[in-house]
Structures are given as structure tokens and as C-alpha cells.
Amino acid sequence: MAAGTLAPHPSDSLQEFQYAPQNRPPAGGVPPATDLVLGATAGCLACFLTNPLEVVKTRLQLQGELQAPGTYPRPYRGVLRAAVAVCRADGLWGLQKGLAAGLLYQGLMNGVRFYCYSHAEDAGWTGYPGGTVAAGAVAGAVGAVVGSPAYLSISGAFKSIYQQHGVVGLWRGVTGAVPRVAVGSAVQLATFTSAKDWVSERQWFRKGSWAAVLAGGMVSGVAVAVAMTPFDVISTRLYNQPVDADGTGKLYRGFLDCILQISSREGLLGLYKGIGAVYLRLGPHTVLSLFFWDKLRNIVQHQQPPGL
């Protein structure tokens, strides 16, 4: 060390490597309240770009509901044909049907989800074995509960349900949404973090680069689609089923009943109906939302005054 050079202050070193004992990437010094805004923004940007695939996915999942394979007409045959059929019936703008409600849902759900996950990071919970999975699941469950009424508005049922069943009715189908988003969030955040670090450790991509972030998002997208499709089908069925005067579903009594009915009448593969559309929607949405979130975090971090 050159004469007159000040030695690093111990607290500086600790601050620089404050998350090293937990063996996890630093949170980037972004407060949870800021992550709420960044998560909501990232979710909305991804939603705008992938909403056409959400429309196609929903049509495929509702096609032939509770009917044995081969016993019903199939106006939607695959993702591309389904997209063409929607355009013919509703025009090109039909692929963006429900966009306003989708933006509201994604903003609420992802804002709350990333807010809760940021709190878990700051508390050091994600440093424990399985901590990232648990934190992602809990954050996703809370986000699903908060965003559930907005999800109903995607199906166009928000106003009528509120008029008939009041505020409580707006959480109809939440029993399907919570496990769906909890599983998806746990898999998404855990695989994204692990895959992003893995490609960086092997020096395939520079740590923190856009390529490393995209690689992590792509791996996460595949994992999310495989794990989440059955829950996505169930959630779609529960939210879109008709209800009687007291708000009780006419087709399914709840989450487990929905699983049993689909499995018995449509076969186990019925739970993976529309998986191609699910991946084509969730894959890009996962990549884009995580990419936007990660990059927005970096921008905020670099704009913070030194020492914060």
C-alpha cells in the first residue's frame, strides 16, 4: 500500500459485501416501496406486449370444458389458428381484449409480489436453504389475493358480480388464484436467481449484463410453464364458471373439485390444456417482466446518492 493511502474502513467492506453471509445476490439497495412501483411497472410493460397470447390461451383452456376429448367442436386448433380465429371474429384489436383489466391485475399483483419479496430479501430470509422458493411463494400468494378482483374484470364479470354479490363476491375464484400464483412466483423467482447466477459463474455472460438476465428469464419461463399450467387451467375455469344467485359456482365447488372433474372427464392431460399457449404467453412474459424489473432496479440503484 502506498504511503499516505488510507486503508479501507472495516464498515465499508462490510457494507459492500453485506449479503455475502447469506450466499445470495445483493438486493441492490432498492427499498421495498420502490420495488412495489418497479414491479408494477415491469408487470404492466410485459402485459402490454404479451396480452394477445393471454387472450388465445384463455380461449384454448375454455374450449371443450368438461367434455370428453373428441366429442366437441374445436374452433381453436393450436395457438396460430386460435389467433387467426380471434382476429376473424373480433378484428385485430380482439387480441388485445381485456388489456385494461390485464394491466390493472398485473400492476397490482406484481407490485405487491415484488414488494413482499424485497422485504424477504432485506430480512435475509432468501439466504436460507429453500428461502427463495418460500419467499416467492408467499409473495405470490399475497399478490394473488390483492389482485384477485382485478382478475375477475379480465373476464368482464367484475361489475355484475359486485352488483349481485357485493365486495366478497369479487374474491370469487381466489382459491384457484392463490396456489396458481404462489407456485408460479416460487418457481419463477427461484429459477431466475439461480440461472442468472449460474451462467455468470461459468463466465458465459458477464454478471449483471442484459444477456445474463435474459438467460435467467428464459430458463425461468420454461420452469414456470411446466409447473403452472395445471393451476392456470384450474384458475381459468373457476373464474369463468357461471354462478347461481348466492355466488356459488355451478360447475365446480372449489379447487379440489375442479381438479377431480377435469381429470375424470377430460383426462389428466386436460390439466395441461393449452400448454403451448401458456408457454408462449408465460415464457415471454416471464422474460420481459424479470428483465424490466432487474434493469429498472439497476437504474434506481445507480441514481441513488453515494453511501445509501
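In this predicted model, helix α7 meets helix α10 through Gln188, Leu189, Phe192 and Lys196 on the α7 side. Their partners in α10 are Thr286, Ser289, Leu290, Trp293 and Asp294. The axes of the two helices come within 12 Å and cross at roughly 65 degrees. Angles of 65 to 115 degrees count as roughly perpendicular, and α7 and α10 are therefore described that way. The crossing of α7 past α10 is right-handed.

Helix α7 also meets α4. From α4 come Tyr105, Met109, Arg113, Phe114 and Tyr117, and from α7 come Arg180, Val181, Ser185, Gln188, Leu189 and Thr193. Here the axes come within 12 Å and cross at roughly 55 degrees, which makes α4 oblique to α7. This crossing, too, is right-handed.

Helix α4 itself covers residues 99–122, a run of 24 residues. At 1.5 Å a residue it should span 34 Å, and because its end C-alpha atoms are 33 Å apart, the two values agree. Just after α4, Gly124 takes a positive phi of about 85 degrees.

Which residues have the most contacts inside the largest nonpolar core? They are Phe114, Tyr117, Leu189, Leu290 and Trp293, in a core of 13 residues. Two or more residues of this core are given by each of α2 (32–62), α4, α5 (131–154), α7 (174–201) and α10 (275–303). The most come from α4, which gives three. In soluble globular proteins, nonpolar side chains tend to be buried together.

The last stop is a loop. Gln203 sits between α7 and α8 (210–240). Is Gln203 buried or exposed? Its relative accessible area is 70%, so Gln203 is exposed, the cut-off for that term being over 50%. Gln203 is not a glycine, yet it has a positive phi of about 60 degrees. Most residues other than glycine have a negative phi.

Methods
Residues are numbered from 1 along each chain as its sequence is written. This is a predicted model: local features need pLDDT of at least 70, side-chain atom pairs count only at pLDDT 80 or more; totals for chains, interfaces and linings use all residues. Side-chain values use heavy atoms; hydrogens and water are left out. Helices (H or I, at least four residues) and strands (E, at least two) are DSSP runs, numbered from the N terminus. The expected span of a helix is 1.5 Å times one less than its number of residues. A nonpolar core is a set of buried Ala, Val, Leu, Ile, Met, Phe, Trp, Tyr and Cys residues joined through side-chain atoms within 4.5 Å. Buried means under 20% relative accessible area, exposed over 50%, partly exposed in between (1.4 Å probe, protein chains only). Axes are lines fitted to C-alpha atoms, for helices over the stretch in contact, and angles run from 0 to 180 degrees between N-to-C directions. Angles under 35 degrees count as roughly parallel, over 145 as roughly antiparallel, 65 to 115 as roughly perpendicular and the rest as oblique. A crossing is left-handed if the near helix is turned anticlockwise from the far one by less than a right angle, and right-handed if clockwise. Contact means heavy atoms within 4.5 Å.
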